Each structure stands twice: as structure tokens, then as C-alpha cells.
Amino acid sequence: DMQKEFERMQQEHARFRDECERQMADEKSQMEQRTAGFYEECSKKVETNEKLLKEKTGKFNEERDKMAKEKAELSSKIEAFRKECQSQMQAEETAMKESMVVMQR
């Protein structure tokens with residue numbers, strides 16, 4: 001009778017162990033699937049962010065280059081205007097000096 005009870009307990013133990021192993025295998029599989037899904041989602045987000053960054057950097061560089069060109073053009077116009085003003089002032093000074101010389105005679 002005790003032998004039968006011992007065998008029954010061994011069988012119960014073996015079934016319990018098998019059930020635990022199956023459950024652990026199922027949980028491991030589910031965890032692997034969730035982990036794979038998580039990494040896939042992260043990869044997509046990183047990819048999207050990289051594309052966005054590349055796009056925004058490109059637009060920024062375009063705008064920066066455009067502004068640098070505009071600045072150079074403006075600086076050039078200002079320098080030309082300054083030289084023109086200086087030239088006009090010298091011409092007026094020369095004309096005034098010549099008219100003074102004429103007036104003194």
C-alpha cells in the first residue's frame with residue numbers, strides 16, 4: 001500500500017515537473033517574442049529619428065548656406081556703397097577746394 005502511494009506521489013511529482021517545464025518554456029517563448037517585438041519597435045523608432053535628423057540637418061545646412069550667401073552679398077553691397085560715398089565726398093572736397101581757389105583769385 002505504501003509502495004503504491006510512493007509510486008503515485010512520484011507520478012504526481014513527474015507530472016508537476018513536466019507541467020512546470022512546459023509553463024517555463026511557454027513563458028520563455030512569450031518573453032522572447034515580446035523582446036523581439038520591443039527591439040523591432042526600437043529599431044523602427046531609431047530609423048525614423050535618424051531620417052528625421054538627416055532631413056532637418058539638411059534643411060538647416062541649406063538655410064545656413066543661404067544666410068551666409070546673403071550676408072556675403074550684403075557685406076559686398078555695403079562695402080561698395082561705402083567706397084562710392086567716400087569717392088563722392090573726395091570729389092566734393094576737391095570741387096570745393098577748386099572753387100575756393102577760384103574765389104580767392
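This is a predicted model: local features need pLDDT of at least 70, side-chain atom pairs count only at pLDDT 80 or more; totals for chains, interfaces and linings use all residues.

Modeller: Residues are numbered from 1 along each chain as its sequence is written, and side-chain values use heavy atoms, with hydrogens and water left out.

Biologist: How many helices and strands does the protein chain have?

Modeller: Helices (H or I, at least four residues) and strands (E, at least two) are DSSP runs, numbered from the N terminus. Helix α1 covers residues 2–104. The count for the protein chain is 1 helix and 0 strands.

Biologist: Why is the protein chain described as more spread out than a compact globule?

Modeller: The C-alpha trace spans about 150 × 20 × 5 Å along its principal axes. The globule rule is 2.2 Å times the number of residues to the power 0.38, and the radius of gyration is taken over C-alpha atoms. For 105 residues the rule gives 13 Å, and the chain is more spread out because its radius of gyration is well over that, at 45 Å.

Biologist: What percentage of the residues count as buried?

Modeller: Buried means under 20% relative accessible area, exposed over 50%, and partly exposed in between (1.4 Å probe, protein chains only). Met103, in helix α1, is exposed, with a relative accessible area of 66%. Of the 105 residues, the share that counts as buried is 0%.

Biologist: Which residues are linked with Arg8 in a network of salt bridges?

Modeller: A salt bridge is a side-chain nitrogen of Lys or Arg within 4 Å of a carboxyl oxygen of Asp or Glu. Arg8 meets Glu5 at 2.5 Å, N to O, and the two lie 3 residues apart in helix α1, about one turn of the helix. The network joins Arg8 with Glu5 and Glu12.

Biologist: What is the N to O distance in the salt bridge of Glu41 and Lys45?

Modeller: Glu41 is partly exposed, with a relative accessible area of 44%. Glu41 and Lys45 are about one helical turn apart, because 4 residues separate them in helix α1. Their side chains meet, N to O, at 3.5 Å.

Biologist: Which residues form a negative surface patch?

Modeller: Patch residues have over 30% relative accessible area and no salt bridge, with like charges joined within 9 Å and nonpolar side chains (Val, Leu, Ile, Met, Phe, Trp, Tyr) within 5 Å. One member, Glu62, counts as exposed at 57% relative accessibility. The patch consists of Glu62, Glu63, Glu70 and Glu73.

Notes: Accessible areas come from the Shrake-Rupley method with a 1.4 Å probe; for residues, only the protein chains shown count as cover. Lys and Arg count as positive and Asp and Glu as negative; His and the chain ends are not counted. The place of a charge is taken as NZ of Lys, CZ of Arg, CG of Asp or CD of Glu.
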